[in-house]
Every structure is written in C-alpha cells, then in structure tokens.
Amino acid sequence: MTRWRPQPFRAAAAAAGIDSTIVENAVQTATRMTSIHPDLPPVFTLRHLAHLSDVPYALLRKYAARDATDPYTTFKIHKRPLRGRVRFRRIAVPEPALLKVQSWITQCILAKVNVHSASRAFSKNDTLVRAVEDHCGCRWLIKIDIRNFFESINEVAVFRVFRSLGYQPLVAFELARMCTRMGGKSYIRERPRWQVWSRWKTITHYKSWNPTEGPRMGHLPQGAPTSPMLANLAVAQFDEEATTIAKTFGLTYTRYADDLILSTAAKEFSRDQARAVIGQITAALGKRGLGANSAKTSVSPPGSRKIALGLSLDGPSPRLPRHFKAKLREHLYYLENTTIGPVGHARARGFASVIGLRHHLLGLAAFASQIESPYGKLIQQRLDAIDWPL
C-alpha cells in the first residue's frame, strides 16, 4: 500500500459527489494522523475500515458491539509441565471475517510500526539467536516470565496503542474491539481495571455487559494475528522502564514475548542485587497490570550453566545445549536399532503414531539447523535414512 496523499483523495471524493466540507474535515484528520506515522493508512470510520479490509460493515459493527455470539473458536494445547503440574495454553482462533480484518490491521498498520529496541519477538528479522545473543558469555543471568501475557493486556491498553499511532478516539476504540476478545471470568479479570470502560458508556450499542458476570473488557486473544505485535506495542513503556532499571545495575535487558532476560558479565554483581532487580522489574510490571510468574523466575550465578529460550549462552555465540543433543542422540539410537525401530520407539514414547514421532523429530532437526547448521543437517540426513513405515 502506498502512502496516503490528499490530492488523489480529494479527486476521488469529488468524483463520488461527496460534500466538500466532509472531504476537507477528512483531509485534516488524515494529515494530522500521517504527521505522526506517515506510512500508516488513515481510517476515518468503521465503514471506511470495512471498505479497506473488504469485510462487510454489518460484521464489523457486530464485532465492535461485542455481539452475544463469540466469534472465536477456542481449544487447549499442552504446555511443558512445570514442577510436575500439567499445564495448558488456551488458543482462540477468530472466524474467517474477523481473521480477515485482523490480518489487514496486522499487515497495513502494525507491521509498519517500530517496537522498542529491547523487544526481540514478532517483528521482521527477529529470531531466537538474535533474542539471546546479547547475553552470551554472561556471568549472571536473570530470567523472569510474564504470567498470562496476552490475556493480561486489556482493550484500554490496545486503544492507547492505536491512539498513539494517530487514530481518532472512536476509530481507535473500534480497532481495539476488532483485536480483543471477551474472555470468561478469571482471577485476573475480577480486578477493577477490567470493569467496563466508562469512556464509551454513552454509546449504548458498544456496552459490554454480561447479565451473570457484570461489566467486563476484552483482552488480547492468543491465536489472533494482531495479538503479538499489539502486545509488543502495549508494553513499550515497560520495556523502556526495564531498560532503565537494567542500566542502573549494569545489566543488559531484552524481552522475547513474555520472557524477560537480564544479564551481566561484571564480577562485582551480587545475589542481593539480583533480588533488587527482580523486585523492581516485578513492580514495573504491576504498574501496568502485568505479573511475574514466580515459579519461572530464576537467577543463574557464576559457575552455573546459562540457558535462555532453550539455548546455551556459555560461549561467544548461542549454541544448542548438551541435553538437547543428548535427547536427539537417544532418539536416533532407538530409531536406528533394528530390534526397536520407529514403531517400537513411538509406542514406548507415547506417540499416537509413527508419523507424529517423525514430525516431532523433523521439527527438532529444523530448529537445530537454525542454531548450528552443520549439526542440524547431519541430524536431518540420519532421520531421512531411517526406514519409516508410513
């Protein structure tokens, strides 16, 4: 999409017979918006968004009004067990029309906005290696996980993102409604900050009131294409504060989605300072309605292995950790063993099918190739050489 320009807009509006006063008001609005972010497309109304995204206006109106029908299909997927506890991640997939408008917002608006330099996920050229390479060779490593990252970001925070990009208040609110979902009651959404937003209480059609649960606001759904980039933009002020805190203690700070990483190579850093950093970071999260997952907060002192995002940081560049390679060696041993083979190994490891085991291992080999290319390609060759009874 090319940049918005007033001359073609005036010409098209005149050809359509639109009143000149309306046209000039729209031009002034678009000019103010593009002065903030020149590459972003102006959106004047919800009907204009319907035209731009090629989604029927009636559907957008329904999404903005929080119609009683939930436009998302939800399901759970297993997360890695933590301290023996079975955990799930809830995925919410938008229906086709909503997915279409969210994809337009993602590609035409969010993808053109720069995020904070500490953010290392969901933007162009972001990789796991880039996310952790600044921490290689560190003596101290601090890891903090944000609890329920997407679901903790409400529609007010999303509204503020769109307002910061220059969109008018009502349009920013409607864009926020396109990108958020009304979730069920939870300990998070029982807090006052999740009550219905009084700013829009005068627009009866846009009230979100559940007769049994009371007023609530939407949150970013994990599964919508807009959520990752909006989450990055919504926590930009936190990233700035976390960077300042890190500098105060001589630390390097980066964030990969909900994983916060801080490190230092300084010899004079101490465990007391690590506790102080964790306390200040946790407080900074709390100011924005976010919380740290204490079960996944860790401090790795000198002499211990430094692992972040599944990669070893003990050398000059990110590497695959030893336990990852040991797991692949074990898989290959049983797969290449003529007595056990793929069928016996899949059964022993609890895979529903041999093809499921194969896809799992091919995924691990592809991941290995991104980090250590020669090793990953060797694993791929050995997997391809196995006689898979598919």
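These notebook entries record what I looked up in one predicted model.

**Entry 1: helix 10 and helix 11**

I began with helix 10, residues 236-248, and helix 11, residues 271-286. Their axes come within 10 Å and cross at roughly 165°. An angle over 145 degrees counts as roughly antiparallel, so helix 10 is roughly antiparallel to helix 11. I noted the crossing of helix 10 past helix 11 as right-handed.

Which residues of the two helices meet? From helix 10 I listed Phe238, Glu241, Ala242 and Ile245. From helix 11 I listed Gln280, Ile281, Ala284 and Leu285. Sorted by class, the residues of this contact are six nonpolar, one polar and one charged.

**Entry 2: helix 12 and helix 14**

Next I turned to helix 12, which covers residues 322-336, and helix 14, which covers residues 354-371. The two axes cross at roughly 140° and come within 12 Å. Since an angle must be over 145 degrees to count as roughly antiparallel, helix 12 is instead recorded as oblique to helix 14.

On the side of helix 12, the contact is made by Phe324, Leu328, His331 and Leu335. On the side of helix 14, I found Leu357, Leu361, Leu364, Phe367 and Ala368. The class count for the contact of helix 12 with helix 14 is eight nonpolar residues, one polar residue and no charged residues.

**Entry 3: Glu336**

I then examined Glu336, which lies in helix 12.

Glu336 and Arg382 are 46 residues apart along the chain, and I noted a separation of 8.9 Å between their C-alpha atoms.

**Entry 4: cysteines and disulfides**

Last, I considered disulfides. A disulfide is a covalent bond between the sulfur atoms of two cysteines. How many disulfides does a search of the whole structure find? The search finds zero.

I looked up the accessibility of two cysteines as well. Cys108 has a relative accessible area of 12%. Because this value is under the 20% limit, Cys108 counts as buried. Cys179 has a relative accessible area of 0%, so Cys179 is buried too.

How values were computed:
Residues numbered from 1 in each chain as written. Predicted model: local features only at pLDDT ≥ 70, side-chain atom pairs only at ≥ 80, totals over all residues. Heavy atoms only, no water. Axes fitted to C-alpha atoms, helices over the stretch in contact; angles between N-to-C directions. Helix = DSSP H or I, 4+ residues; strand = E, 2+ residues; numbered from the N terminus. Parallel < 35°, antiparallel > 145°, perpendicular 65-115°, else oblique. Contact = heavy atoms within 4.5 Å. Nonpolar A, V, L, I, M, F, W, Y, C, P; charged D, E, K, R; others polar. Disulfide = S-S within 2.5 Å. Buried < 20%, exposed > 50% of the residue type's maximum accessible area, 1.4 Å probe, protein only. Left-handed = near helix turned anticlockwise from the far one by under 90°.
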